Amino acid sequence: MTDRELHRTDTGDDWLDGLLRADGREHRAAYADDNGFTARLMAALPAPAALPAWRKPALAALWASAGIGIAVALPGAVFDVAHGMLRAILGQPVSFTGIAAAVAALGAATWAAAAIALRDD
Amino acid sequence: MSEPALTDAQLIARAVIHDDRHAFSELVRRHQSAVRTTLRRLTMGNHALADDLAQETFLLAYRNLGSFRQEARFSTWLYRIATNAFLADARKRREEPLGDRDADVADGTAADAEPLDSGGPDPARAASLRLDMDRALAVLSEAERAAIVQCYHNDLSHEEAAQVLNCPVGTVKTHILRAKLKLKARLAAWAPL
């Protein structure tokens, strides 16, 4: 005997269980029409948390200043890293012009990605 | 071909991760009837109060959706919030004069006086039984009524009812037993001879 069956028969009052079962069946069969309940509830929900308007420009400025800071602090590092990466990728010595072109392409791609990421939804 | 309906778990994930209000409104649409009819039963047919408590229930569910661990069915979780809201409201109202509450109960009884499937073909008998059942349920304590509603009306097991009522299974059984003793005395006229 399942627990659901047990809780209906443990007093031995079958007639009372019958009445409660009938009442329960009617309750489960009843459907409360929405009648605008869902719409009223959705209107009562708290407003979505909006990010402050200055957040995106502030974030962009922060990243830009961080980038400039690193470039100023380590003037040779950017060139050395780019040089090393290109040599590893191409497997041959590269010229300064080639590195400059690659850095320019990388910068353009970064700017494009940043523009997409920071666009208004 | 129409898109298959999303499960409750999928809708909950959308609502939590993407703050998808359309997904949450679908959850409300699915469960509003069960929650509201349960609260109508708990409040003895006071539809206005039941809808207020149902709104409170879904607002609380929305705020705490991220903490729902899917260990129980979503409906069971909602019943738990709804029952807590009902019991908290009942505690507040206990200090108020009884006159208004009696009027609410009487109004609700009249509004809910739909035919009850009592096994007999006589609609007058069914209506009379429904009235007596409502009156009998009204004499139960809130906790006893909540136990009866969860086990008989929402067809939950003792374990599920214990989760909803936030109490041990033994307490649920005690509430049911006490409630039945009171109902037996109140509904004695319906006992077979």
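Start by selecting chain A: this predicted model gives the chain six helices and zero strands. Walk along from the N terminus and the elements read α-α-α-α-α-α. Now colour chain A by burial, if your viewer lets you. Of its 121 residues, 7% count as buried.

Next, switch to chain B. Here you'll find nine helices and zero strands, and reading along the sequence gives α-α-α-α-α-α-α-α-α. Of the 193 residues in chain B, 39% are buried.

**Where the chains meet**

Show both chains together and pick out the contact between them. It takes 28 residues from chain A and 37 residues from chain B. Stay on the chain A side for a moment and select α1 (3–9), α2 (14–29) and α3 (37–44): these are the elements of chain A that give two or more residues to the side touching chain B. Which of the elements gives the most to that side? It's α2(A), with twelve residues.

**A buried spot in chain B**

Go back to chain B and select B:Val35, which sits in helix α2 (residues 21–42) of that chain. Is B:Val35 buried or exposed? It counts as buried, because B:Val35 has 26 C-beta neighbours inside 10 Å and the cut-off for buried is 20 or more. Then draw a C-alpha to C-alpha distance from B:Val35 to B:Thr83. The two are 48 residues apart in sequence and 9.5 Å apart in space.

**Last stop: a pair of helices**

Still in chain B, select helix α8 (residues 158–165) and helix α9 (residues 169–186). Their axes come within 8 Å and cross at roughly 100°. That angle falls between 65 and 115 degrees, so α8(B) is roughly perpendicular to α9(B). To see what makes the contact, show side chains for B:His158, B:Glu159, B:Ala161, B:Ala162 and B:Leu165 on α8(B), then B:Val169, B:Val172 and B:Lys173 on α9(B). Coloured by class, this contact has five nonpolar, one polar and two charged residues.

Key:
Residues are numbered from 1 along each chain as its sequence is written. Chains are lettered from A and ligands numbered from 1 in the order in which they are written. This is a predicted model: local features need pLDDT of at least 70, side-chain atom pairs count only at pLDDT 80 or more; totals for chains, interfaces and linings use all residues. Helices (H or I, at least four residues) and strands (E, at least two) are DSSP runs, numbered from the N terminus. A residue is buried if 20 or more other C-beta atoms lie within 10 Å of its own, exposed if 12 or fewer, and partly exposed in between; C-beta atoms are placed from the backbone. Axes are lines fitted to C-alpha atoms, for helices over the stretch in contact, and angles run from 0 to 180 degrees between N-to-C directions. Angles under 35 degrees count as roughly parallel, over 145 as roughly antiparallel, 65 to 115 as roughly perpendicular and the rest as oblique. Two residues are in contact if their C-beta atoms, placed from the backbone, lie within 7 Å. Ala, Val, Leu, Ile, Met, Phe, Trp, Tyr, Cys and Pro count as nonpolar, Asp, Glu, Lys and Arg as charged, and the others, Gly among them, as polar.
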